Amino acid sequence: MQNDIQEVLISEEEIQKKIKELGAELSKVYEGRNPLVICVLKGAFIFMADLVKNMTVPIELDFMAVSSYGASTKSSGVVKIIKDLDVPVDGRDVLIVEDIIDSGLTLSHLIELLKSRNAKSTCVCTLFDKPARRTVNLEADYTGFTLPDAFVVGYGLDYAEYYRNLPYIGILKPEIYSH
Ligand code: PRP
Ligand code: MN
Ligand code: MG
């Protein structure tokens, strides 16, 4: 597994430091409110867990599973809802937690959906962003790290479902996905 990684791009320590900062910032932003924090499965599961441990306001959690990539390295442009939310969002301050924004398709679909369900506010916190790959106009409200256009895995990000459990972000060796 570690042999498949060409280079560690962002270390575990750097990630954890950034998440502490994001948690503190979001705690201030949501002071006096009780946001509904939505984890976009599967990729955001580790970030969500670490982020909410650093938030000091009362929060409710829910999970939504969407997928646009399948086992391919390129987005298909189709966003499938695999698991919907359990709770209603109308009148709620919703904080969407994502691992990465690439084309922006996943989040633009999700934000439209939550708005149509009358969320009071929608806010996006993503740990990683690849602005070079954007095909729709979408910016996160809070971003941890901006990444180059390389095939990265780890800390929730997969290739064909593997490598999500790496505690760091690494660049995958091209020979792993080129055949
Ligand atoms: C990945 C990632 C984001 C999305 C970003 O999820 O976790 O959710 O793609 O790409 P986009 O901005 O081009 O939409 P994926 O669809 O691979 O599902 P996963 O989270 O289960 O890996
Ligand atoms: Mn995802
Ligand atoms: Mg994926």
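What share of the contacts in the protein chain with a separation of 6 or more comes from residues 24 or more positions apart? The share is 67%; two residues are in contact if their C-beta atoms, placed from the backbone, lie within 7 Å. This is a predicted model: local features need pLDDT of at least 70, side-chain atom pairs count only at pLDDT 80 or more, and totals for chains, interfaces and linings use all residues. Residues are numbered from 1 along each chain as its sequence is written, and chains are lettered from A and ligands numbered from 1 in the order in which they are written.

**View 1. The whole chain has four helices and nine strands.** Helices (H or I, at least four residues) and strands (E, at least two) are DSSP runs, numbered from the N terminus. Along the sequence the pattern reads β-α-β-α-β-β-β-α-β-β-β-β-α. The C-alpha atoms fill a box of roughly 50 × 35 × 25 Å along the principal axes. Of the 179 residues, 32% are buried. Buried means 20 or more other C-beta atoms within 10 Å of a residue's own; exposed means 12 or fewer; partly exposed lies in between, with C-beta atoms placed from the backbone.

**View 2. Three strands form an open sheet in the order β1-β9-β8.** The pairing is antiparallel; two strands pair if DSSP finds at least two bridges between them. β1 (5–10) and β8 (152–153) are the edge strands, each pairing on one side only. Four bridges join β1 to β9 (residues 169–172). I10 stands opposite I169 in β9.

**View 3. The largest nonpolar core holds 42 residues.** Such a core is a set of buried Ala, Val, Leu, Ile, Met, Phe, Trp, Tyr and Cys residues joined through C-beta atoms within 7 Å. I38, V40, F47, V94, L95, I96 and V97 touch the most other members. β5 gives the most to this core, with six residues. Leaving aside neighbours within four places in sequence, I96 contacts I38, V40, L107, L110, T122, C123 and V124.

**View 4. Helix α2 (residues 45–52) buries I46, F47, M48 and L51.** Their cover includes α1 (12–29), β2 (36–41), β5 (93–101) and β6.

**View 5. L138 sits in the loop between β6 (121–129) and β7 (142–146).** L138 is partly exposed, because 16 other C-beta atoms lie within 10 Å. Beyond its neighbours within four places in sequence, L138 contacts I101, G104, L107 and S108. L138 and A44 are 94 residues apart in sequence and 18 Å apart in space, C-alpha to C-alpha.
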